[in-house]
Amino acid sequence: MSIGKRGVPSASGAVPVAEMFYSFQGEGPSLGRRALFVRLMGCNLTCGYPSMPRRAATAAAGQMVCDTSYTWNRADYDLTGGVRHLTPPQIWDEMVRLDPSAECPALAPVGLIVVSGGEPLLHKDAVLYLAAQASATGRSLEIETNATIRPGPELIQASVVFNAGLKLATSAVPRKLRIKEGAIAEIQASGRARWKFVVCGPEDMAEIAELQLEFGLTEIWLSPEGSTPTAVVERMRLVADSALARGWNLSTREHVLIWDGARGR
Ligand code: SF4
């Protein structure tokens with residue numbers, strides 16, 4: 001990657017993009033903030049399954065099932081359908097055009113960029129380019145990562161925030177694939193990690209506490225599993241008291257409460 005104008009890295013490699021949209025950040029400490037989202041294709045995990053399903057409609061083995069499996073599950077989805085291969089500058093240009101202040105300067109610009117997936121750190125150069133553009137335009141950038149891939153020094157220095165979603169046994173993914181010491185340590189040491197755990201119920205709390213202790217995780221956020229408002233609220237109620245007692249934060253899933261988790265919202 002070379003360095004172009006204003007110190008912004010110039011990246012030319014196209015990456016597969018599932019979707020871009022303008023919405024609210026639905027989870028975590030920035031919940032409710034307006035944000036511009038880009039969702040990149042591909043993931044190195046298979047949440048809900050111990051490995052990549054071989055046949056369509058394979059029954060999930062875990063309680064926590066990926067809600068964006070259209071980015072990686074080739075048994076259930078045509079991973080080329082509707083997917084566009086865009087260079088990082090094309091992604092950035094299209095994303096900022098989604099900002100309503102581009103058409104209506106009286107509106108405040110959207111100050112938050114969210115790079116999601118799949119696992120966006122599979123496309124590190126593209127993320128680095130977007131981080132540099134965000135910084136150059138006074139926006140902050142959050143990466144929704146499963147925290148299994150080391151971000152590397154350039155991304156750490158780019159002042160991005162890591163919404164680091166470590167996966168639990170309920171994902172059915174073998175521990176050796178979902179818990180990567182080196183990546184966790186690097187993200188924690190950045191000082192900008194928010195450790196996000198998707199919880200199905202109180203039975204997940206002991207496992208989260210063990211991971212917190214094992215890796216010295218400093219900022220814990222619980223996020224309820226569920227693709228309907230009823231499920232989200234029920235799970236929040238199940239874990240709320242325990243979260244307070246343990247000193248952990250509890251988020252909701254705003255996009256599910258408002259739009260039932262519809263794609264691109
Ligand atoms: S890490 Fe995230 S995107 Fe990847 S399979 Fe798990 S839930 Fe889905």
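Modeller: Start with the shell around the ligand: four of its residues are nonpolar, five are polar and two are charged. This is a predicted model, so keep that in mind throughout. The shell is made of C43, L45, T46, C47, C66, T68, G117, G118, E119, N146 and K167.

Now go to L168. It sits in the loop between β8 and α4 (175–178). R194 is another matter: it is 26 residues from L168 in sequence, and their C-alpha atoms are 16 Å apart.

Follow the contact to F197. Beyond its neighbours within four places in sequence, F197 touches L166, L168, D204, I208, I220, L222 and S223. F197 also belongs to the largest nonpolar core, which has 62 residues. Together with V127, L130 and A131, F197 is among those with the most contacts inside that core. Helix α2 (residues 124–136) gives the core its largest share, eight residues.

Next comes α5, the helix at residues 181–189. Its buried residues are A183, I184, E186 and I187. Why do they line one face? Seen down the axis of α5, they fall within an arc of 165°, so they share one side of the helix. Here is the general rule. An α-helix has 3.6 residues a turn, so residues three or four places apart point the same way.

What does the buried side of α5 pack against? Its partners are β8 (161–164), β9 (193–199) and α6 (205–215). Just after α5, G191 has a positive phi of about 75°.

Finally, step back to the whole chain. There are eight helices and 11 strands. The radius of gyration is 18 Å, close to the 18 Å that the globule rule gives for 265 residues, so the chain is as compact as a globular protein of that length. Its C-alpha atoms fill a box of roughly 50 × 40 × 40 Å along the principal axes. Of the 265 residues, 41% count as buried. Take the contacts between residues at least 6 apart in sequence: 70% of them join residues at least 24 apart.

Technical notes. Residues numbered from 1 in each chain as written. Predicted model: local features only at pLDDT ≥ 70, side-chain atom pairs only at ≥ 80, totals over all residues. Near = placed C-beta within 6 Å. Nonpolar A, V, L, I, M, F, W, Y, C, P; charged D, E, K, R; others polar. Buried ≥ 20, exposed ≤ 12 C-beta atoms within 10 Å, placed from the backbone. Helix = DSSP H or I, 4+ residues; strand = E, 2+ residues; numbered from the N terminus. Arc of directions from axis to C-beta. Contact = placed C-beta atoms within 7 Å. Core = buried A, V, L, I, M, F, W, Y, C linked by C-beta atoms within 7 Å. Rg over C-alpha atoms; globule rule 2.2 N^0.38 Å.
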